[in-house]
Amino acid sequence: MDDLADRDRYPHRDEVVAYLTAYADRSDAEIRTGCRVSAVRRTGAGFEVELDGGDRLSARAVVAASGTFGRPHRPALPGLEEFTGQVLHAADYRSPAPFTGRRVVVVGAGNSAVQIAVELAETARVTLATRGPVKFVAQRVLGRDLHFWLTRTGLDTAPLGRFLSRPPAQPVLDDGRYRAALAAGQPELRPLFTGAGGTKLVWPDGQREEVDAIVLATGYRPDLPYLARLDGALDAEGDPRHREGLATNVPGLAFVGLEWQRSLSSNSLRGVGRDAERIAWRLAAPLARR
């Protein structure tokens, strides 16, 4: 990726795939693809990892590196269970074409919510419904991308994750287009609906309106059901119990790729490597003493 690092743009999908493929080719680790882990269990001082199909692996330590974006989050919203129109999560959204000419409400105030709502507003009648204000941050500052400054100032790697009980909401990165679209009412911006019935939503002012579809751009949570049999690994909501990536209640278990695991960049390609190296050293030290 050295030839991409100096380019003032984000790498394309195929460039990221090529990078990951080359990274895997250089690794001396055994890599198995198409193997879904169904359960991880304690076996004495180690672990047994069960794969779909019945195969089992044994290990002295386990790192759950499946990241943060595996489980679309569907919050409890007023009346949503009574709504009979189409409801989908942003994870299932592909293009505005199926919604042409329809009445659509997008729920959320983050990057995905705003981007999807603005795109849909070109061909549909769209409302962006939020619990609070949409917060914008400039995509470019003093001629450079915001991420350049996050790296240059050290904010990208500052170990702030230990002080956060919940990851903070991310502001919307904007080059001016999204703020202008909302100001023009394309899409319109409203507070979150207060109820629903059939295909109608109820707005805070009491208005009832027919709506064809609701898109939930409400984020993601870690998808770790394979750790459910490890007592203390997950909390009641299925989120990992950890401190900077090390499980707090299960010795030998660690996590990589979690949002704000240690820093702002922990769940990104630019930052996950630092956390992975740190986790590897902290897991290896006690194993070496056994």
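Guide: What follows looks at the salt bridges, then at a helix end and a sheet.

This is a predicted model, in which local features need pLDDT of at least 70 and side-chain atom pairs count only at pLDDT 80 or more, while totals for chains, interfaces and linings use all residues. Residues are numbered from 1 along each chain as its sequence is written, and side-chain values use heavy atoms, with hydrogens and water left out.

The structure holds 18 salt bridges, a salt bridge being a side-chain nitrogen of Lys or Arg within 4 Å of a carboxyl oxygen of Asp or Glu. One of them joins the side chains of Glu209 and Arg103, at 2.7 Å from N to O. Glu209 belongs to strand β16 (residues 208–210) and Arg103 to strand β7 (residues 103–107), so this pair ties together parts that lie 106 residues apart in sequence; helices (H or I, at least four residues) and strands (E, at least two) are DSSP runs, numbered from the N terminus. Both Glu209 and Arg103 are buried, where buried means under 20% relative accessible area, exposed over 50%, and partly exposed in between, with a 1.4 Å probe and protein chains only.

Glu209 also meets Arg125 in a salt bridge between their side chains, at 3.3 Å from N to O. Because Glu209 lies in strand β16 and Arg125 in strand β8 (residues 125–130), the pair ties together parts that are 84 residues apart in sequence. The relative accessible area of Glu209 is 9%, and Glu209 is therefore buried. Through shared partners, salt bridges join Arg103, Arg125, Glu188, Arg190 and Glu209 into one network.

A further salt bridge links the side chains of Arg177 and Asp175, at 3.1 Å from N to O, and Arg177 counts as exposed, with 53% relative accessibility.

Just after α4, Gly154 takes a positive phi of about 90°.

Elsewhere, 3 strands form an open sheet in the order β1-β2-β3, with antiparallel pairing; two strands pair if DSSP finds at least two bridges between them. The edges are β1 (37–43) and β3 (56–59), each with a single partner strand, so one side of each is left without a neighbour in the sheet. Between β1 and strand β2 (residues 46–51), the antiparallel pairing runs over 6 bridges, and Thr43 stands opposite Gly46 in β2.
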